[in-house]
Amino acid sequence: MAKPAKNTEKSENSAKSGEQLVAQNRAASYNYHILEKHEAGLVLHGTEVKALREGKANIRDAYVDFKANGAWLVNAHIAQYLAGGPWNHEPLGSRQLLLNKREILKLSGRTESKGLTVIPLKIYFRNGIAKVEIALAQGKKSWDRRQDERTKEARKEVEQSMYRNRRR
């Protein structure tokens with residue numbers, strides 16, 4: 001007997017429903033040109049996981065630092081878990097990222113040579129495992145930000161005028 005084909009639409013929907021967003025860096029697209037994105041795992045202690053499940057994290061000022069023993073998420077604030085007691089974690093401690101050696105070498109090389117940086121975009125749980133979406137980014141100049149605001153405003157005006165013309 002032949003096995004029935006798997007329904008890929010169901011598996012994609014269940015993967016999306018398995019994601020629980022914890023923290024998001026909304027200012028990243030405003031301050032940086034995002035060049036490429038990667039997904040990394042996080043090495044966490046028990047109280048850090050419980051605090052993340054409560055949604056108590058801030059990655060606005062965080063960045064990724066490359067050391068001899070791997071990639072580290074620096075300056076990410078995960079609030080202390082209230083019921084943690086004496087076993088609580090340090091809120092601003094560095095946390096190791098789980099990436100392939102090839103990815104670590106590629107990203108660290110590009111950040112050293114071209115003046116780029118690696119920043120976290122969001123922290124989320126996928127199927128119960130904490131993940132971080134990191135991006136290789138280049139800082140925007142002030143004129144870049146002004147230009148982005150102008151294009152966004154122009155796009156908004158065009159959409160409004162098209163909406164008004166449809167209503168006639």
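The model is a predicted one, and its secondary structure comes to five helices and nine strands. Followed along the sequence, these elements give the pattern α-β-α-β-α-β-β-β-β-β-α-β-β-α.

Confidence deserves a word before the details. The mean pLDDT of the protein is 86, and 89% of the residues score at least 70. Strand β8 has the highest confidence, at 94, whereas helix α1 (residues 8-17) has the lowest, at a mean of 50. Within residues 8-12, pLDDT stays under 50, and the model shows zero contacts beyond four places in sequence for this stretch.

The sheet comes next. Seven strands, in the order β1-β8-β9-β2-β7-β5-β4, form an open sheet with antiparallel pairing. At its edges are β1 and β4, each of which pairs on one side only. On average, and with direction ignored, neighbouring strands of this sheet are turned by 40° against each other. In general, strands of a sheet pair through backbone hydrogen bonds, in either a parallel or an antiparallel manner. Gly41 has Leu98 in β7 as its bridge partner.

The surroundings of Val64 illustrate the packing: leaving aside residues up to four places away in sequence, Val64 touches Ala71, Trp72, Leu73, Leu97, Val118 and Ile134.

Most residues other than glycine have a negative phi. Asn75, however, has a positive phi near 70°, and Asn127 likewise has a positive phi, of about 55°, although it is not a glycine. Both are found in loops: Asn75 in the one between β5 and β6 (77-78), and Asn127 in the one between β8 and β9. Are these residues buried or exposed? With a relative accessible area of 32%, Asn75 counts as partly exposed. Asn127, with a relative accessible area of 59%, is exposed, because the cut-off for that class is over 50%.

A few totals complete the picture. The protein has 168 residues, of which 32% count as buried. Its accessible surface comes to about 11700 Å², with 49% of this belonging to carbon and sulfur atoms. Among contacts with a separation of 6 or more, 66% are accounted for by residues 24 or more positions apart.

Notes:
Residues numbered from 1 in each chain as written. Predicted model: local features only at pLDDT ≥ 70, side-chain atom pairs only at ≥ 80, totals over all residues. Heavy atoms only, no water. Contact = heavy atoms within 4.5 Å. Helix = DSSP H or I, 4+ residues; strand = E, 2+ residues; numbered from the N terminus. Buried < 20%, exposed > 50% of the residue type's maximum accessible area, 1.4 Å probe, protein only. Pairing = 2+ DSSP bridges. Axes fitted to C-alpha atoms, helices over the stretch in contact; angles between N-to-C directions. pLDDT = per-residue confidence, 0-100. Areas by Shrake-Rupley, 256 points an atom, 1.4 Å probe, with all protein chains shown as cover.
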